[in-house]
Every structure is written in C-alpha cells, then in structure tokens.
Amino acid sequence: MFLYRGACRMRQWSAVNTTPLPSDCSLLVIGGGPAGSAVAASAALAGMDVTVVDMQEFPRDKTCGDGLTPRAVHALTRLWGGDPGEPSPRTGSPGILSGRPEIRGLALHGFGGSVRTPWPDHPSFPPRGSAVPRTTLDAALLDFAAACGAWVVTGWKAVDVSHVGASTAGTVDSVTFRSTERDRKETCTVRCDTLVLAEGVRSGVARLLGVRWLRGLVHGVAARSYCPTPYGDEPWIHSHLELRDAEGVAQPGYGWIFPLGPEEDGEGTRGVNLGCGALSTSRRPAKVNVKKLLGEYADLVRGEWELGEPREITSALLPMGGAVTRVSGVNWAAVGDTAALVNPLNGEGIDYALESAQDLVELLPDAAASPDGLRHIWPAHLRRQYGDAFSLARRLSTLLTMPGLLSAVGPLGMRGPLSDRMMAAATRLMGNLVTPADRDLTARVWLAAGRLSVGHDRYRHPDSRPLFGV
Ligand SMILES: Cc1cc2nc3c(=O)[nH]c(=O)nc-3n(C[C@H](O)[C@H](O)[C@H](O)COP(=O)(O)OP(=O)(O)OC[C@H]3O[C@@H](n4cnc5c(N)ncnc54)[C@H](O)[C@@H]3O)c2cc1C
C-alpha cells in the first residue's frame, strides 16, 4: 500500500503492523475512482480534512470505454481550475488531457448509412471530447487529489460501517477497513464526521447503508478491449448501432471505437478502446454474451481499421439513470456509480462522477446547517440536476430494448433526407448536452419531454420516487 499527501507527496511501503489510516477524520471518502478523487480534491481545496481510501493499488484498471464527451471535459475543467490540457493552476499537476486526442464529435454507423456529427456549439460545453485509458486517468486524478492536500491511502478495503441508532439513513459514526495486502489480516477503524460513498458499482458499504440498485430497471452490460491500429489518432469516436455476426444475423447491442491517440504504451498495443454493450431490463433481459459479441464486432471492423487482436477484454454491468433506492443519510452521501449516475443513453458515467462529487462538496456547508444534514438535500439536488434528463433517457433506452424497434427506426435516422440534422440532435441529446438555460427548439422539446416523463413516473409510482430513492 502507499499513502501520500499534498505537495510533499510521500509514497511509503508500509511495514507490517503500522497503519497509514488516520483514526479520525472530518471527511472520509471510500473509493478513489473519478468520483472519490474529485470529492477529495474539491474538499481539500475547500480547506477540509479529507481522507480518501481505495482497496486497490494505483495505477489500476477499470472496465470502461475511456471516452470523455464535452460534458466530461467540462467537469474536468471545473475540477482542474482551467484547461485540463495544461498544468492545473491549482496545483501545477501536469495537464491530465495533455497529449490526449482531441475528439471532434461522433461518427454513427449502421442501417446502410454513416453520419459524422461534430459536438454542438454550446455556451457551456466545449466542442471537444477525448479518451484516456482509465489506468492513466484515475491515477492522475488521485495524484491531483493528493496535490490538493487530500490524504490518500490505498490497499485498504472498507468492510463495515457503524451508525448511531437503528436507522441506516441516520448518522454514520465510523468505517472499518481491512488491509488488502496478502498475508496481512489487519483491520482498522476510522471515525468520521461525514462519509462519502464512491465505491463504484460493487458498493459493499453502500449496501450496508441500504443503497440498493434497482436492477429491474434498464441497465447496461458491456465489454471493452484494447486493439492496436494505425488509426489511433482518428479525431472522431465511432459508434456502430447495428451489429451482425459472421453469418450476417443481427445481434442485440451496439459497438464503440474510441481512439486513444498515438500509441499509449510505445508498443502500439492500445490504439483504440473497442467495446460493445447491450441494454437490459428484468422484463427484457439482454440475452447476449458481450465478450463473444466484442470478438464479432472486431472482426466486422478489422479490415477498415487494420485492427490487431483485441486484448485485455473485460466486461461489467452499468447501473443507470439514478436507479437506486437511496443516496444519502444524515451525514453520508453516495456519488458516481454508487448513486447509479450513468447516462442510460450512452453509458457515460465519468462526467456524472466528477460533477456529483464537486456538487456534493459545495453542498456540505448547507447540509451542516440543516438538522437533517444531507438526508434530503442530496437526493433533492440530484433530482434537480438529473431527474428530468435521466427519467426520459431511461424511458427511451427501455424502448430500445424492444426487439425490432431499432431496426425499424434506424434506417430513417441514418439514411433519410434529414439524417444529418436528426443525428446532430441525437448526438447532443445522447450526450445530455442540454442545460435548462438553452432556448433552442431541440432543447425546449427535450426539457419539456423530461418534465412529462418525471410527471409520468410520479403518476405511476405515487408512493415512491423511483429516482435517487426516497
Ligand atoms: C464497459 C463499460 C464502458 C464504459 N464506458 C464509459 C465511457 O466511455 N465513458 C464514461 O464516461 N463512462 C463509461 N463507463 C462508466 C464509467 O466507467 C463509470 O461511470 C465510472 O467509472 C464511475 O466512477 P466512480 O468513481 O463512481 O466508480 P469507479 O471508477 O468504479 O471507482 C470506484 C473505486 O472504489 C474502489 N472501491 C470499491 N469498493 C471499495 C471498498 N469497499 N473499499 C475501498 N475502495 C473500494 C474501487 O477499487 C474503485 O477504485 C463505462 C462503464 C463500463 C462498465
């Protein structure tokens, strides 16, 4: 394990029976992915005493498409305090997007057509995306948190939580960690004033606090790989909406190719992140082996991209659209994947992880002044920020799980006379590149449809709030 803090960063391999975990801290963050690192960095910048703990050693891999849309670049810019391609004005940390591809937009393929749509010209979101392997991105974000003054500890897994009184929605008192070092059985308890759960999808402590993922609702199952190709510096991310196997039989799901820029590791092994995914609900489970589908997809595009063999193939589930039973108690809150903050229409979660983390830290003073703390403030904030968009996106992606629907409407969008305009709108809406301040027709229709969708949710579930718990 190592620990480090602040400008005088110290990486220290611990001796047995010593613990780098503090016994006490003001803000404790479980998980050092984008959500946890961004909470830790923002809180440290706000002058808080913050400790972030991850069970893995960094750099570590995370199954992901590695794609950053303009929304993610915007969230990174906010955290970084300036252009993420440049050293951070806050810490001097090297530009997190320096030397990374500048993605201009989305190229959509399928149903006999191909359409390239640049990112929209938007007052808030930059016309720029990127892609960075998570091994690199997450380590750089955790380093940034340390440079901001957060106490960073790796190699400890949170295994238990104690709370005051009977209600898990109340006040958390402390968290118990177990060392993940081989042959080291040590445990350690850390008391905290506030706890942030940034554990990702497999959120063990969150479950102990009553956070349940609503798996019956639409969610994703996806696989990714790294493939060598001479076209790693292609400035578009590609998405294939129609996948067929070697016999030409249509397969449920979609594929992506995210160029990672010039050779990632100097040996050309990571030209692009190539992956595929499918949407699933309890009513219409995705009956697809995504790793097998990935192989078929790679075969389909091999010639065009001069692809080598896919490597490092991994798969994972994606909780989506805020579909969890609870996101907070009096002094604890969930961010990122733990709160199912993934866009159901494109599977993006890095941006929502970064945004929710920074928003939460900004809300902490309000929570401190309220007798209920974060209990109601946090879900109310998430509903305000994402409720309409996620409700609508969930509804649309549930429709997409209906067999034959995409094949019926796909050709209209990809080959019709208005395909360029329709796909430009689709790219913007799929990326949730709309804010309440937008006044153009597409945005107005989208925002109104979002409100209707939430109204329908309330009508169908009058006793519960299906987004972000009760
Ligand atoms: C196949 C696939 C493709 C995707 N593609 C994209 C994409 O292209 N773009 C995009 O924006 N999003 C994508 N996503 C979603 C994105 O990966 C997640 O939304 C994002 O990683 C969420 O960040 P996070 O910090 O919440 O969680 P994570 O990144 O999962 O980080 C959680 C951290 O918590 C640690 N942890 C967990 N439990 C404990 C514990 N008990 N104690 C201590 N530490 C713990 C883990 O080790 C991990 O480091 C994809 C997801 C999948 C599965």
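**Exercise 1. State which residues make up domain 1 and domain 2 in this predicted model, and how far apart their centres are.**

Solution. Begin with the domain assignment of the chain: domain 1 consists of 1-101 + 131-214 + 320-470. Domain 2 covers 219-318. Next, take the centres over C-alpha atoms; those of domain 1 and domain 2 are 24 Å apart. Finally, list who takes part in the contact: 30 residues come from domain 1 and 23 residues from domain 2.

**Exercise 2. Find how much area domain 1 and domain 2 bury between them, and which residues of domain 1 lose the most.**

Solution. The size of an interface is often expressed as the accessible area lost when the parts come together. For domain 1 and domain 2 this buried area is about 2,000 Å². Carbon and sulfur atoms carry 63% of it. On the side of domain 1, the residues that lose the most area to domain 2 are Thr-63, Met-320 and Thr-401. Together these three account for 25% of what that side buries.

**Exercise 3. Describe the polar links across the interface, and the side of domain 1 that touches domain 2.**

Solution. Start with charges: the rule finds 1 salt bridge across the interface of domain 1 and domain 2. Asp-61 and Arg-224 form a salt bridge, with 2.8 Å between the closest N and O atoms. On the side of domain 1 that touches domain 2, helix 3 (134-148), helix 7 (374-400) and helix 8 (405-415) each supply at least two residues. By class, that side has 15 nonpolar, 10 polar and 5 charged residues.

**Exercise 4. Decide whether Ser-88 is buried or exposed, and name its contacts.**

Solution. Locate Ser-88 in the loop between helix 2 (70-80) and strand 5 (105-110). Its relative accessibility is 3%. The cut-off for buried is under 20%, so Ser-88 counts as buried. Leaving out residues up to four places away in sequence, Ser-88 touches Trp-80, Ser-93 and Phe-144. With Trp-80, a polar atom of the Ser-88 side chain lies 2.8 Å from the backbone oxygen.

Notes
Residues are numbered from 1 along each chain as its sequence is written. This is a predicted model: local features need pLDDT of at least 70, side-chain atom pairs count only at pLDDT 80 or more; totals for chains, interfaces and linings use all residues. Side-chain values use heavy atoms; hydrogens and water are left out. Domain bounds come from an automatic or database domain assignment. Contact means heavy atoms within 4.5 Å. Buried area is the accessible area (1.4 Å probe) that two parts lose on being put together, summed over both. A salt bridge is a side-chain nitrogen of Lys or Arg within 4 Å of a carboxyl oxygen of Asp or Glu. A polar contact is a pair of N or O atoms within 3.5 Å; within protein, one must be able to donate a hydrogen and the other to accept it, and residues adjacent in sequence count only if both atoms are side-chain atoms. Helices (H or I, at least four residues) and strands (E, at least two) are DSSP runs, numbered from the N terminus. Ala, Val, Leu, Ile, Met, Phe, Trp, Tyr, Cys and Pro count as nonpolar, Asp, Glu, Lys and Arg as charged, and the others, Gly among them, as polar. Buried means under 20% relative accessible area, exposed over 50%, partly exposed in between (1.4 Å probe, protein chains only).
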